[in-house]
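This report describes selected strands, sheets and helices of one protein model. Please consult the sequence and structure shown below.

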Amino acid sequence: MIFKRKLTKQHLLIASLALALMGCQTAQQESEQKPASVTMDTGMIETIHGVQVADPYRFLEQDTEQTQAWVKMQQAEGKAYLSGIKNKQAVVDRITELWNYQKVSAPFEHGKNTFFYRNNGLQAQSVLYVKTANGDEKVVLDPNTLSSDGTVALSGVSVSGDGKTLAYGVSKSGSDWQQWQFVDVKTGVKLDDELKWIKFSKAVWNKDNTGVYYARYDAPTGGNLLADVNFNQKVYFHQIGTEQVSDKLVYERPQNKDWGFGIEVSEAGDYLLLSISQGTDTRNRFFYQSLEKPAEVVELITDLEAEYTFLGNDKSVFYFKTDLDAPNGKVIAIDVNHSDKENWQILIAESSDPISNLAIINDHWVVSYLHDVLGKLSIFSMNGVKRQDVTLPGKGKVAGPYGKRSKDYFYYVYNSYVQPKTIYRFDFKTGESSIYAEPEVSFKPEDYTSEQVFYTSKDGTRVPMMISYKKGMQKNGANPTLLYAYGGFAISLTPRFSPANIAWMDMGGIYAVPNLRGGAEYGESWHQAGMLDKKQNVFDDYYAAAEYLIEENYTNKTKLGAYGRSNGGLLMGATLTQRPELFAAVLPAVGVLDMLRFHKFTIGWAWTSEYGSADVAEQFPALLAYSPYHNVTKRSYPATMVMTADHDDRVVPLHSFKFAAMMQAKQQGDAPIIMRIETKAGHGAGKPTSMKIDEFADIYSFLFESFGLKIPAKVN
């Protein structure tokens with residue numbers, strides 16, 4: 001059986017509809033033989049590069065009545081299972097209590113106005129405020145008024161240089177599609193301008209604050225707004241007060257449909273800057289256009305050979321962060337009038353610590369590094385002479401720096417897994433930091449600890465891991481443990497505070513985060529060691545982390561849970577199909593789980609630079625070897641909760657649907673295989689607070705149930 005808990009009549013009625021639509025045996029006969037969650041195998045097989053590949057649940061890719069009935073069935077069963085866990089409300093209550101504190105963002109200044117976000121505690125979305133020169137504060141935009149349930153969220157803001165007009169993007173139900181609108185900051189009056197069909201782009205103001213540059217796609221014509229593939233992004237200029245149909249096409253590349261455009265305008269307003277990407281490849285090309293006089297777009301860097309991040313300019317001298325011949329990053333200067341490589345100048349050389357972020361502030365370079373995953377801030381002169389290291393409050397994450405070249409101060413945000421975000425202001429005159437905004441929380445951070453350990457992966461690679469827990473934890477080999485990881489796309493998992501994690505520790509849990517290859521914790525070489533045909537390194541790093549926790553007596557296999565989202569959801573799928581015996585519970589969330597067809601939906605084609613493509617004969621075998629959906633076999637699997645959302649147009653839900661159906665059909669053990677399918681939600685961005693709290697409560701409750709542990713009546 002799939003799981004032991006009794007199915008309700010409602011489940012069987014929904015299952016009856018699904019089974020009838022499939023033309024199978026009568027629903028009554030089928031429900032007597034199998035749990036309602038099992039979907040019938042269609043037996044579909046296709047040949048790819050001479051290899052026969054089964055895809056029995058491909059019908060779940062289509063938004064048909066059949067699929068909708070199946071989804072409703074899965075939702076009902078998942079909710080029934082989760083709602084049946086005793087004392088789950090105690091988890092909800094504790095997370096809610098911990099979450100209920102005021103959160104403030106680092107400020108950003110435009111003209112004489114200072115902008116910042118504030119959330120009073122449990123507001124669905126954070127509110128954008130402005131503080132004027134005389135110290136008055138007021139709301140500029142409250143996204144909580146955009147929908148009754150908080151599922152319409154801000155996806156980005158851009159303030160004009162004079163601080164008078166706000167451009168803001170909104171996303172509905174977590175979709176990547178954005179609509180940009182405008183508001184007068186002083187009066188709060190919304191302008192008539194609307195920009196549609198925007199994805200993966202911000203709006204960037206021109207020098208005289210009369211309009212914005214942005215990138216958009218043509219309106220989808222395939223009939224499926226959330227799944228149709230997106231190609232041919234184009235750059236436009238929108239003049240405030242005009243209709244979008246009259247926007248000027250600035251640049252397009254029809255012969256390169258997979259090019260994407262990152263847009264900036266130089267601080268002086270003299271150049272339009274185009275960072276040209278191909279999918280999620282960290283390398284990019286770089287073009288520019290003079291805005292001081294009519295001019296064509298100049299192709300400055302035409303080879304896709306390295307990352308080039310524009311940092312600023314002094315007239316014709318452009319500054320970049322690049323990993324060209326420097327996997328950890330360096331800072332260079334290019335005079336665009338003498339742009340041959342032999343004329344490029346290195347300002348800040350590569351070091352043993354990778355560059356995480358940097359900015360020009362007070363005519364200095366402020367550089368954020370990662371030192372063994374932890375934050376480090378250093379200040380250099382413009383010609384690259386080191387001036388000082390900024391003293392940080394502890395070992396954690398540094399976000400920022402946030403500031404302007406014309407200012408003699410900047411802000412940065414510090415946090416750790418047990419320390420909430422605190423904003424600091426660094427003053428160049430004193431060379432010291434001071435607290436700008438510190439939250440008041442309902443727990444004592446000193447009652448918790450977060451330690452860094454290093455373990456050895458299968459091939460001998462040294463991998464760091466952060467382990468966080470409540471003080472007093474005993475290494476008795478029986479602690480409930482959640483192992484969260486990602487491992488891909490050069491994304492570094494640096495310490496990140498979440499009040500929900502404190503609730504998990506209050507339940508006696510350990511929260512562990514290994515820094516797998518595929519991320520950028522040790523620069524581009526660390527990333528490349530976990531991509532394409534080296535993806536198995538990521539999985540092996542993860543299994544080694546689990547084995548370390550067991551060997552070092554933090555936990556055991558019956559108390560160890562695995563959790564990952566998106567690319568981390570792929571990791572969870574591989575974990576289930578490669579090493580299911582290591583875990584008592586596995587939670588793949590919004591995961592890429594069909595590695596042979598991911599590139600055929602929405603923006604999935606962009607990930608082929610990271611994963612490869614099944615369309616390429618040489619890359620197909622490696623993808624087939626680990627594709628979670630294609631490697632599910634008849635065996636005993638641990639408790640599994642496959643998580644997705646109905647409006648996810650990044651990693652479309654069909655991945656989770658097909659994988660869950662396959663898992664349910666192949667499960668030979670008694671552990672539950674359920675789905676958690678959110679409604680009016682997407683890949684994760686913009687999710688309202690209440691929905692986040694419910695998700696964490698379901699995760700922790702599912703883990704405790706899977707571990708055979710009882711949730712106390714009160715968590716503290």
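N313 has F318 in strand 21 as its bridge partner. Strand 20 (residues 308–314) and strand 21 (residues 317–322) run antiparallel and are joined by six bridges. Strands here are DSSP runs of E with at least two residues, helices are runs of H or I with at least four residues, and both are numbered from the N terminus. Two strands count as paired if DSSP finds at least two bridges between them.

The two strands form a hairpin with two residues between them, and K315 in the turn has a positive phi of about 55°. Five of the seven residues of strand 20 are buried, leaving this strand mostly covered. Buried means under 20% relative accessible area, exposed over 50%, and partly exposed in between, with a 1.4 Å probe and protein chains only.

## Basis of the model

The model is predicted: local features need pLDDT of at least 70, side-chain atom pairs count only at pLDDT 80 or more, and totals for chains, interfaces and linings use all residues. Residues are numbered from 1 along each chain as its sequence is written, and side-chain values use heavy atoms, with hydrogens and water left out.

Strand 6 (residues 127–131) is largely enclosed by the rest of the structure, because four of its five residues are buried. Strand 5 (residues 113–119) runs antiparallel to strand 6, and five bridges join them. Within this pairing, T114 has K131 of strand 6 as its bridge partner.

Strand 6 is also joined to strand 7 (residues 137–141), by four bridges and again in the antiparallel sense. Here L128 stands opposite L141 in strand 7. Five residues lie between the strands of this hairpin, and G135 takes a positive phi near 95°.

Strand 9 (residues 165–172) pairs with strand 10 (residues 178–184) over six antiparallel bridges, and T165 stands opposite D184 in strand 10.

Strand 13 (residues 211–216) and strand 14 (residues 234–239) share six bridges in the antiparallel sense; G211 stands opposite Q239 in strand 14.

## The annotated span and its helices

UniProt, in an unreviewed entry, lists residues 496–708 as "domain: Peptidase S9 prolyl oligopeptidase catalytic". UniProt positions are given in the numbering used here, feature names are shortened, and annotations may be inferred rather than shown by experiment. The span is 40% helix and 14% strand, and its end C-alpha atoms lie 29 Å apart.

Helix 12 (residues 689–707) has 19 residues and reaches 27 Å from its first C-alpha to its last, close to the 27 Å expected at 1.5 Å a residue. The expected span is 1.5 Å times one less than the number of residues. Just after helix 12, G708 takes a positive phi of about 75°.

The axes of helix 5 (residues 499–506) and helix 12 come within 10 Å and cross at roughly 25°. That makes helix 5 roughly parallel to helix 12, a term for angles under 35 degrees. Axes are lines fitted to C-alpha atoms, for helices over the stretch in contact, and angles run from 0 to 180 degrees between N-to-C directions. The crossing of helix 5 and helix 12 is right-handed, meaning that the near helix is turned clockwise from the far one by less than a right angle.

How values were computed:
Parallel < 35°, antiparallel > 145°, perpendicular 65-115°, else oblique.
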